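Reader: I would like to go through this model and ask what stands behind the terms used for it. Please set each value against its cut-off.

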Amino acid sequence: MDTTANTAGLGWLHTSVGRKVVMAVTGIFLMSFLVVHLAGNLLLLRGDGGAAFNAYADFMSTNPLIRVLEVLLFVGFVVHIYQGLYFISKERRFRPKGYTLHRPQDNTTIFSRTMRISAIVILVFLLVHLRHFFVEHRILGASLTMYESCKLAFENPFYSAFYVLSMILLAFHLAHGFHSSFQTLGLIVNRRIDRVVRWAGTAFAFLVPLGFAVIPLYFLFQTLY
Ligand code: HEM
């Protein structure tokens, strides 16, 4: 429930504005994670049989500071998803019913209109992804190295296609989310900053998912040619 009246202390976090700020802050935190995650994953493409990537994965799974960051990361994901689901359910409840002249395409972009579907695809992707890599290695203690696990997974065309498709939806999500989070935090104070953030958001939304998508395609093409 929206407790708009209770804005004292941390109560404002439960208002619509507060919830949007939480989404923006966690969104920026998750975007910074994506950059670090991509940088580490690109080691898979070094052509050294996985030596560098396995050393990196080993470091990530044993370093105590990374353990703490990992907990923060999971909290960030859970809070971001929870708030997102709240806005989706609220929008459903208050959407006008029956005949209406409301034409969303007039003043929105395809990226903002597809935020719900892109969010759901990313959530499904995340569950499959964590089950395959995190749970398999960290909890069940897989016998393969992390590199072997990635190679085996991406040699499967269906699995690779799922990753590439998910990265396209991730690009859509970021294309709206990047600019939107800066706007929510009130950081876009003039047209010049608006242009810079829009430009940076477009570059980010294109390059980061592209970097992730190249990895499955690299392993898939190696098996085909
Ligand atoms: C080709 C693309 C990707 C590859 C090869 C990849 C690979 C991996 C691997 C090997 C792990 C396990 C790390 C470990 O346990 O030490 C992992 C964990 C994880 N990945 Fe990815 N990933 C990819 C894309 C993504 C994307 C796009 C997201 C977010 C939308 C994501 C989110 C996560 C999270 C949250 C974890 C668990 C956190 C952690 O272990 O530090 N991954 N990924």
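Author: A place to begin is leucine 169, which lies in helix α7. Bear in mind that the model is predicted.

Reader: Why is leucine 169 called partly exposed?

Author: Leucine 169 has 19 other C-beta atoms within 10 Å. A residue is buried at 20 or more and exposed at 12 or fewer. The count of 19 lies in between, so leucine 169 is partly exposed.

Reader: Which residues is leucine 169 in contact with, leaving aside its neighbours within four places in sequence?

Author: They are Ser118, Val121 and Ile122. For a contact, the C-beta atoms must lie within 7 Å. As for serine 118, its C-alpha is 5.0 Å from that of leucine 169, although 51 residues separate the two in sequence.

Reader: What makes leucine 165 partly exposed?

Author: Leucine 165, also a residue of helix α7, has 13 C-beta neighbours inside 10 Å. Exposed would require 12 or fewer, and buried 20 or more.

Reader: How many residues does the largest nonpolar core have, and what makes it a core?

Author: The largest nonpolar core has 22 residues. Such a set is made of buried residues of the nonpolar kinds listed for a core, joined through C-beta atoms within 7 Å. Met167, Leu170, Ala171, Leu174, Ala175 and Ala205 have the most contacts inside this core. At least two of its residues come from each of α2, α5, α6, α7 and α8, and α7 supplies the largest share, eight residues.

Reader: Which residues does leucine 170 touch, not counting those up to four places away in sequence?

Author: Leucine 170 touches Ile122 and Pro209.

Reader: How do you know that α5 and α6 pack against each other, and at what angle?

Author: Their axes are 11 Å apart and the angle is about 145°. The crossing of α5 past α6 is right-handed. On the α5 side the contact involves His132, Phe133, Glu136 and His137, and on the α6 side Met146, Ser149 and Ala153. By class these are three nonpolar, three polar and one charged residues.

Reader: How many helices and strands does the protein have?

Author: Eight helices and zero strands. The C-alpha trace spans about 55 × 40 × 40 Å along its principal axes.

Reader: What percentage of the residues count as buried?

Author: Of the 225 residues of the protein, 19% do. Each of those has 20 or more other C-beta atoms within 10 Å of its own. Among contacts between residues at least 6 apart in sequence, 74% join residues at least 24 apart.

Definitions and conventions
Residues numbered from 1 in each chain as written. Predicted model: local features only at pLDDT ≥ 70, side-chain atom pairs only at ≥ 80, totals over all residues. Helix = DSSP H or I, 4+ residues; strand = E, 2+ residues; numbered from the N terminus. Contact = placed C-beta atoms within 7 Å. Axes fitted to C-alpha atoms, helices over the stretch in contact; angles between N-to-C directions. Left-handed = near helix turned anticlockwise from the far one by under 90°. Nonpolar A, V, L, I, M, F, W, Y, C, P; charged D, E, K, R; others polar.
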